[in-house]
Amino acid sequence: MKDYIARFGHGSAKLARQAQSKEKTLAKMVNAGLTEKVTSDKLMEFYFPACGKIPPPVLMIQNISFRYSEKSSWIYKDLELGIDLDSRIALVGPNGCGKSTFLKLICGDLIPQDGLIRRHSHLRIANYHQHLAEALDLSLSALEYMMKCFPDVKEREEMRRIIGRYGLSGRQQICPMRHLSDGQRCRVVFAWLAFQVPHLLLLDEPTNHLDMETIDALADAINDFEGGMILVSHDFRLIGQVAKEIWICENSTIRKWNKGIIEYKNHLRNKMLKESEFETG
Ligand SMILES: Nc1ncnc2c1ncn2[C@@H]1O[C@H](COP(=O)(O)OP(=O)(O)OP(=O)(O)O)[C@@H](O)[C@H]1O
């Protein structure tokens with residue numbers, strides 16, 4: 001209401017009248033104690049539970065080739081890689097080169113036409129991507145949703161504590177998720193993801209909708225996590241915080257960058273400068 005008053009208070013006569021009327025209503029609500037105190041979201045303390053160790057090899061990608069259809073070009077051709085619980089990988093590369101496809105292949109959402117992906121029989125993989133938040137049933141509250149996904153947790157209070165860790169306060173836990181902001185819905189998704197106790201975290205652009213403090217909390221949680229991680233992100237700050245190695249996805253393959261993240265950033269910058277010089281002649 002304050003926004004409306006600020007925007008339209010000096011607008012056309014009709015809008016200004018509406019703004020004045022809102023101002024009066026707001027004053028009455030404040031006097032009657034009907035407005036809620038403005039608070040910022042509770043700082044999120046991300047946390048991925050201890051997943052226990054499984055011996056290597058945890059995941060082996062053996063000569064896989066993948067394309068979406070017979071008519072389309074190969075996204076990967078004869079790809080060979082290994083991933084363990086101490087892998088902390090940032091997967092980078094130009095738009096459309098196949099980063100998300102790689103994560104889908106790893107978690108088994110897509111099957112390669114050739115080759116094999118061998119996963120340790122006890123391996124639990126959690127795959128975070130934007131569409132998870134879009135697929136939430138918004139008529140449910142975060143609490144109802146989590147109780148439905150994890151029926152083994154019988155006590156509401158226990159589940160409230162679990163969700164609370166992800167920075168959702170009392171009311172935000174019990175109102176329909178349609179009333180939550182995009183960032184708050186992401187927190188629900190992270191709570192759901194972490195509660196699966198994965199060994200391997202696949203994070204596809206996790207920072208969209210998250211503010212800087214929350215991204216830092218996520219970085220801390222990843223650094224405390226005892227399992228493996230593959231991160232697809234354009235956020236070099238997060239990459240610098242959590243990745244130990246960079247893999248570059250390009251030309252139907254993935255190759256390991258054998259220098260540090262800063263060197264990779266400089267390499268990209270120089271490449272872009274050269275391209276723009278070439279374009280401008
Ligand atoms: N379901 C699909 N069916 C057909 N083609 C697809 C499908 N999903 C992705 N593609 C195509 O496969 C290629 C790789 O897509 P992918 O989303 O894996 O790339 P990306 O590197 O993650 O891209 P970005 O950085 O833009 O997210 C793209 O050309 C994309 O258009």
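I'll start with helix α3, residues 99-107, which lies across β1 and β4 and runs at about 125° to β1. Contact here means C-beta atoms, placed from the backbone, within 7 Å. Axes are lines fitted to C-alpha atoms, for helices over the stretch in contact, with angles from 0 to 180 degrees between N-to-C directions. Helices (H or I, at least four residues) and strands (E, at least two) are DSSP runs, numbered from the N terminus.

This is a predicted model: local features need pLDDT of at least 70, side-chain atom pairs count only at pLDDT 80 or more, and totals for chains, interfaces and linings use all residues. Residues are numbered from 1 along each chain as its sequence is written.

Now the sheet. Three strands form an open antiparallel sheet, ordered β2-β1-β4. The edges are β2 (76-83) and β4 (114-119), each pairing on one side only. On average, neighbouring strands are turned by 15° against each other, direction ignored. Pairing requires at least two DSSP bridges between two strands. β1, residues 59-66, and β4 are joined antiparallel over 5 bridges; Leu59 has Arg119 of β4 as its bridge partner.

Next, the ligand. Which residues surround the ligand? Tyr68, Ile75, Gly93 and Asn95 are among them, as are Gly96 through to Thr101, that is Gly96, Cys97, Gly98, Lys99, Ser100 and Thr101. Near means a C-beta atom, placed from the backbone, within 6 Å. The shell divides into 3 nonpolar, 6 polar and 1 charged, with Ala, Val, Leu, Ile, Met, Phe, Trp, Tyr, Cys and Pro counted as nonpolar, Asp, Glu, Lys and Arg as charged, and the others, Gly among them, as polar.

How values were computed
Contact = placed C-beta atoms within 7 Å.
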